[in-house]
Amino acid sequence: GNVVGEGAVAVVVAGEHLAQFFICHNRRNTAHLDRRHTCFGQVYEGLEVIDAIRQGDEIIKIVITEENE
């Protein structure tokens, strides 16, 4: 899927057995990431936590939930 801006959760394959996951921090247009990365989710709540993450921070645990309508 397309990377859609702030809060987009995406993955890029960085090697045969290596994938890197990321969450977009900015509100700018992220069209330059389309077709290079796969977006599979969107952060809707807790964006203030995303904004508090800094380069070099270690993420110990991530919980991904599915919300059914």
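Predicted model: local features only at pLDDT ≥ 70, side-chain atom pairs only at ≥ 80, totals over all residues.
The protein contains one helix and three strands, and from the N terminus on its elements follow the order β-β-β-α. Of its 69 residues, 25% count as buried.

- The three strands form an open sheet in the order 2-1-3, and their pairing is antiparallel.
- Strand 2 (18-23) and strand 3 (38-42) stand at the edges of the sheet, and each has a single partner strand, so one side of each is left without a neighbour there.
- Neighbouring strands in this sheet are turned against each other by 25° on average, with direction ignored.

**Strand 1 with strand 2**

- Strand 1 (residues 8-15) and strand 2 run antiparallel and are joined by six bridges.
- A hairpin leads from strand 1 to strand 2 through two residues.
- You can follow this pairing residue by residue: Gly15 has Leu18 of strand 2 as its bridge partner, Val13 stands opposite Ala19, and Val9 is bridged to Ile23.

**Strand 1 with strand 3**

- Strand 1 also pairs with strand 3, again in the antiparallel sense, and here there are four bridges.

**A pair of aromatic rings**

- How many aromatic pairs does a search of the whole structure find? The search finds one.
- Its members are Phe21 and Phe40, whose ring centres are 6.0 Å apart and whose planes stand at 90°, so the pair is edge-to-face. The reasoning rests on a cut-off, because planes over 60 degrees apart count as edge-to-face.
- The pair links distant parts of the chain, since Phe21 is in strand 2 and Phe40 is in strand 3, 19 residues apart.
- Is Phe21 buried or exposed? Phe21 has a relative accessible area of 58%, so it counts as exposed, the cut-off for that class being over 50%.
- Phe40 has a relative accessibility of 43% and therefore counts as partly exposed.

**The largest pocket**

- The largest pocket has a volume of about 1100 Å³.
- Its lining is made up of 26 residues, and those nearest the centre are Val9, Ile23, Gln42, Val43 and Val63.
- Which elements give two or more residues to this lining? They are strand 1, strand 2, strand 3 and helix 1 (47-52).
- Sorted by class, the lining has 15 nonpolar, six polar and five charged residues.
- Two of the residues nearest the centre, Val9 and Ile23, are also bridge partners in the sheet.

- Gln42 is located in strand 3.
- Gln42 and Cys24 are 18 residues apart in sequence, and their C-alpha atoms are 9.4 Å apart in space.
- Where does Val43 sit? Val43 is in the loop between strand 3 and helix 1.
- Along the chain, Val43 and Gly7 are 36 residues apart, while 4.6 Å separates their C-alpha atoms.

Definitions and conventions:
Residues numbered from 1 in each chain as written. Heavy atoms only, no water. Pairing = 2+ DSSP bridges. Axes fitted to C-alpha atoms, helices over the stretch in contact; angles between N-to-C directions. 1 Å grid on protein atoms, 1.4 Å probe; cavity = no way out; pocket = protein on both sides within 12 Å on 5 of 7 lines; lining within 4 Å. Points joined across faces, edges and corners; volume = space filled by probe spheres on them. Nonpolar A, V, L, I, M, F, W, Y, C, P; charged D, E, K, R; others polar. Phe/Tyr/Trp six-rings, centres within 6.5 Å; stacked < 30°, edge-to-face > 60°. Buried < 20%, exposed > 50% of the residue type's maximum accessible area, 1.4 Å probe, protein only.
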